[in-house]
Amino acid sequence: MKKVLCAAGLGIALAFSAGAQAADKIAVVNTGEIFQQLPANQAIAKQLENEFKGRASDLQRMESDLQTKIQKLQRDGSTMKASDREKLEKDVMAKRNDFMQKAQALDNDSRRRQMEERSKILDSIKNAVKVVADKEGYDLVIDANMVAYAASGKDITQDVLKQVK
């Protein structure tokens, strides 16, 4: 029984050592840093801003109009005829609901587009990591943000950044 346990322990130790040797060349890359340093990141932010500029300015106008009507209701509501006050209150509620729907739609569309563009950038970073890893013979590349400590392993962040640009 003792020999079986000893043999099993030796087998496990050999398996761990073989697994460690399978990934001899390990590299670390900081994709967050690459993402922040890419000039395309700022260009895409500007593109998205331009893409949604018209809708955002429409919302600002709607908000200003709504604020004006709310102020009028607060200021003149007590002196208005009941029918005029009710009409203004209904108008304010309708405009508020319309504003909220359009603001939500703009927010959703903006987030969706940001995620699409971010995904494109991350795909290009991933492809650049693969190119650098293949060129330099790395068996394993780990994102620096996912590792608590790495004593060995080359940081290839700058190489990947050059490849992406």
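Select K95 and D65. In this predicted model, their side chains form a salt bridge, with N and O 3.7 Å apart. Now colour the two helices. K95 sits in helix α4, and D65 sits in helix α3, residues 39-76. The two residues are 30 positions apart, and the pair links distant parts of the chain.

Is K95 buried, exposed or partly exposed? K95 counts as partly exposed because its relative accessibility is 29%. D65 is at 32%, so D65 counts as partly exposed too. Both values fall between the 20% and 50% cut-offs.

Next, stay on helix α4, which covers residues 82-136, and go to E117. The side chains of E117 and R113 meet in a salt bridge, 3.0 Å from N to O. Where do E117 and R113 lie? Both belong to helix α4. They are four residues apart, about one turn of the helix.

Bring the surface back for this pair. E117 has a relative accessible area of 8%, so E117 is buried. R113 stands at 10% and therefore counts as buried as well. The cut-off for buried is under 20%.

Which residues does E117 touch, leaving aside those up to four places away in sequence? Select I44 and L48: E117 contacts both.

Now widen the selection around E117. Side chains of opposite charge can pair when their charged atoms come close.

Move on to K154 and E136. Here the closest N and O atoms are 3.7 Å apart, and the two residues form a salt bridge. K154 lies in strand β3, residues 154-155, while E136 lies in helix α4, so the pair ties together parts 18 residues apart in sequence.

Check the surface once more. K154 has a relative accessible area of 40%, so K154 is partly exposed. E136 is at 25% and is therefore partly exposed.

Finish by selecting the charged side chains across the model. How many salt bridges does a search of the whole structure find? The search finds 15. Among them are K95 with D65, E117 with R113, and K154 with E136.

Methods:
Residues are numbered from 1 along each chain as its sequence is written. This is a predicted model: local features need pLDDT of at least 70, side-chain atom pairs count only at pLDDT 80 or more; totals for chains, interfaces and linings use all residues. Side-chain values use heavy atoms; hydrogens and water are left out. Contact means heavy atoms within 4.5 Å. A salt bridge is a side-chain nitrogen of Lys or Arg within 4 Å of a carboxyl oxygen of Asp or Glu. Buried means under 20% relative accessible area, exposed over 50%, partly exposed in between (1.4 Å probe, protein chains only).
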